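We'll go from confidence to the ligand, and then to a few spots in the fold.

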Amino acid sequence: MSQQLSTEAGQNPDRPVTLAGKTALVTGASRGIGRGIALRLAAEGALVAVHYGYDGPAAQDTVDAIVANGGRAFAVGAELDTVDGVEQLADAVRSGLRAHTGEEFLDILVNNAAATGHLPYADTTPDLFDRLFAVNVRAPFFLAQRLLPALRDGGRIINIGSAVTRIALGDELAYTMTKGAMETYTRTLANEVGARRITVNLVAPGPTETDRTRAFLRSSPEMEAMMIKAQALPWIGQPADIADPVAFLASDDGRWITGHVLDASGGTYLGPKL
Ligand code: NAP
């Protein structure tokens, strides 16, 4: 288990919050890492738009957990496979913000939603390749483009990438290419929007325990031991281990960091241990 904040929301009632009065959109916050990020940003005082693709009840569960914790959130659904879906999301976020705050301003955009597809190179179809690039690259590209007018000066764009960009994983090649594209996007967009004091960074998780990955990561004690042996740090990554650096980058403490790829993988595949 994580030795960090083990509660989902990760807040300490005695610590001052860092995002009071801010608004945030977290894509893919119905579950997994996105849910962890939404809970953490809300615990820091942000009003969070909890985006989901297909699982509305799961997104409502994230909203309910935030509200039960004293935070503020609302759910917004949109399929990110199409540009129409991206535009619907941008519109729904703006109207949700207007309903909750009387304004349409966003402070923090977290591009977390992603599709995964594990197939050997020889079996990867053009359809799977196109779908991965549509959800993982085109959607964050156009979502930020559509929301930039609503993003306040001094705002944050935080992309969730993956440590797989520095590892050769043959059966995830198309997926890893989408994450490589997001690193390029992060650096260049940071340069484009910096004059408005908007920062753009990417947080790259390694294997992280979520409902999607648990069956694999915890399939046997041997598998757990193998995953941990491949890392410098000795536990299986948890959503809170990713949400914490995201909250740091979102806070004022992260104001001078932009165009950066932040590896949050517990030191996955750094090299052989002596
Ligand atoms: P996950 O549990 O599979 O959740 C994916 C989220 O994205 C869900 O909220 C899902 O919404 C949404 N989503 C997926 N496809 C969508 C689509 N076509 N349209 C709209 N929404 C869609 O993912 P995760 O494991 O938490 O991963 C989160 C991020 O971390 C991703 O960017 C992933 O690449 C990255 N990452 C994860 C790991 C890991 O080990 N977990 C490692 C490295 C990087 P619905 O459920 O509502 O459909």
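Residues are numbered from 1 along each chain as its sequence is written, and side-chain values use heavy atoms, with hydrogens and water left out.

Confidence comes as pLDDT, the predictor's score for each residue from 0 to 100. The protein chain has a mean pLDDT of 94, with 95% of its residues at 70 or more. Residues 1–7 are another story: pLDDT stays under 50 there. Where pLDDT is low, the predicted coordinates should not be read in detail.

Now to the ligand. It is surrounded by 32 residues, and the closest are Ser30, Arg31, Asn112, Tyr175 and Arg212 (a residue is near when one of its heavy atoms lies within 4 Å). A polar side-chain atom of Tyr175 sits 2.5 Å from a ligand oxygen, and an N or O atom in the side chain of Arg212 is 2.7 Å from an oxygen atom of the ligand. On its own the ligand has 900 Å² of accessible area, and the protein covers 94% of that (Shrake-Rupley method, 1.4 Å probe).

Next, how much of helix H8 is covered? Helix H8 takes in residues 239–250 (helices are DSSP runs of H or I with at least four residues, strands are E runs of at least two, numbered from the N terminus). Of its 12 residues, 11 are buried, meaning under 20% relative accessible area, whereas exposed means over 50% and partly exposed lies in between (1.4 Å probe, protein chains only). Those buried residues pack against helix H1 and strands S4, S5, S6 and S7.

Thr23, in strand S1, counts as buried because its relative accessibility is 3%. Its contacts (heavy atoms within 4.5 Å), leaving out residues up to four places away in sequence, include Leu47, Phe105 and Ile108.

Finally, a look at the backbone. Most residues other than glycine have a negative phi. Arg197, in the loop between helix H5 and S6, has a positive phi near 60 degrees, and its 58% relative accessibility makes it exposed. Tyr269, in the segment after S7, has a positive phi of about 50 degrees and is exposed at 51%.

Conventions
This is a predicted model: local features need pLDDT of at least 70, side-chain atom pairs count only at pLDDT 80 or more; totals for chains, interfaces and linings use all residues. The expected span of a helix is 1.5 Å times one less than its number of residues. A polar contact is a pair of N or O atoms within 3.5 Å; within protein, one must be able to donate a hydrogen and the other to accept it, and residues adjacent in sequence count only if both atoms are side-chain atoms.
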